[in-house]
Structure formats: structure tokens, C-alpha cells
Amino acid sequence: MKIKLILPLVIFILQSCAQGVSTGTNYIIGKKGAIIRKNYQGFSHLTAKISNSATSIFNFASVSKVFTGFVMASIMEKNDALKDVPLIKIVPELSSIKTFSKITLEQLLFHTAGLPDYTVLCDKTDSLQIGDRDLINWLLKNPTLEHMPGEKFNYSNTHYALLGI
């Protein structure tokens with residue numbers, strides 16, 4: 001029954017790859033614990049021309065935000081005190097930046113922390129992955145906030161990347 005729901009998505013993805021709309025895809029379809037179809041096509045890194053394979057590593061980016069947000073909201077709902085936990089308690093490497101000490105987990109969750117968006121770093125590097133250490137180092141070199149924590153909403157990928165650490 002569920003295969004009927006997934007099949008149109010698989011067809012769309014394959015057509016997108018064939019039309020050059022997508023750089024590639026990996027997928028596995030299983031039934032009762034057994035793999036019934038798998039496919040790896042296109043590139044896991046287009047510039048470097050690295051082909052997709054069973055061992056390709058992908059940055060989940062926006063897909064992981066749903067899980068991160070849900071988990072953090074659930075945890076904070078059960079323990080209200082966690083809302084006020086400062087970022088520097090989770091990422092102590094950032095404690096040298098005074099304004100970062102005012103940022104709370106709740107502000108990260110609701111995009112009110114004021115941190116700049118790290119995706120500008122992606123534009124300046126041809127790296128396969130930007131890891132936690134890269135993000136922390138970038139923040140240390142670019143400590144300017146877009147606004148004071150809690151002041152206003154400003155969507156930033158950096159907020160959820162830090163919640164995921």
C-alpha cells in the first residue's frame with residue numbers, strides 16, 4: 001500500500017536527474033527488511049565529479065531541521081528551564097564572544113538569536129562538507145550579530161546547525 005505513495009516520488013526524482021534538474025540521487029526501497037530496489041546515480045559532488053555510490057555522504061541540510069526542531073521543542077516542552085540555557089554552555093568554544101553569551105537555546109530554535117547565516121561560507125569554499133568545527137571557527141572570525149538576541153525574527157541556517165551540535 002505504501003509503495004503507491006512512494007513510487008511517484010521516485011519517478012519524479014529519476015526524471016529530474018534525467019532532465020538535468022538534479023545532480024543525482026541515491027535511494028533504497030525496502031520491504032519487510034529486504035532491499036527490493038536500490039539506485040545510485042549522478043554526483044555527490046558536482047564540481048569534483050564524484051559519483052554517487054552506496055557510501056556517498058550527503059549534507060542533510062534542511063531535511064534535518066524538521067527533526068532538530070521537533071526534538072528540541074519536545075525537550076523544551078518537558079523541561080522549561082532548557083529554554084534559557086545559553087549557547088555557550090553547549091558550545092563553550094564560543095564563550096570568548098561576549099554577545100554570544102546572551103544567546104539561548106530557545107532563541108536558536110525560534111530564529112531570534114541574531115546570528116548571521118553560515119551559508120555564505122558555502123559560497124566561498126569548494127569543500128565537500130562544512131563541519132561543526134568549520135562553523136565554530138567561522139563564527140569566531142565573524143562574531144557580528146545581525147541584531148541583538150531576542151530582538152526580532154531572522155531566519156538563519158546557523159541557528160539549527162548549532163542546535164544540532
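What share of the contacts with a separation of 6 or more in the protein chain lies between residues 24 or more positions apart? In this predicted model, such residues account for 56% of those contacts, where contact means heavy atoms within 4.5 Å. Residues are numbered from 1 along each chain as its sequence is written, and side-chain values use heavy atoms, without hydrogens and water. Local features need pLDDT of at least 70 and side-chain atom pairs count only at pLDDT 80 or more, whereas totals for chains, interfaces and linings use all residues.

**Fold and surface**
- The protein chain holds seven helices and three strands, taken as DSSP runs (helices H or I, at least four residues; strands E, at least two).
- Their order along the sequence is α-β-β-β-α-α-α-α-α-α.
- Of the 165 residues, 30% are buried, that is, under 20% relative accessible area with a 1.4 Å probe, protein chains only.
- Carbon and sulfur atoms contribute 60% of an accessible surface of about 10800 Å² (Shrake-Rupley method, 1.4 Å probe).

**Helix 6 (residues 132-141)**
- Leu 135, Ile 136, Trp 138 and Leu 139 are the buried residues of helix 6.
- Because they cover an arc of only 160° around the axis, they lie on the same side of helix 6; the arc is that of the directions from the helix axis to the C-beta atoms.

**Nonpolar core**
- The largest nonpolar core has 23 residues, and those touching the most other members include Leu 94, Phe 100 and Leu 139; such a core is a set of buried Ala, Val, Leu, Ile, Met, Phe, Trp, Tyr and Cys residues joined through side-chain atoms within 4.5 Å.
- Two or more residues each come from helix 2 (62-78), helix 4 (105-109), helix 6 and helix 7 (157-163).
- Helix 6 gives the most, with four residues.
- Beyond its neighbours within four places in sequence, Leu 139 contacts Leu 94, Phe 100, Leu 115, Thr 158 and Leu 162.

Definitions and conventions:
Buried means under 20% relative accessible area, exposed over 50%, partly exposed in between (1.4 Å probe, protein chains only).
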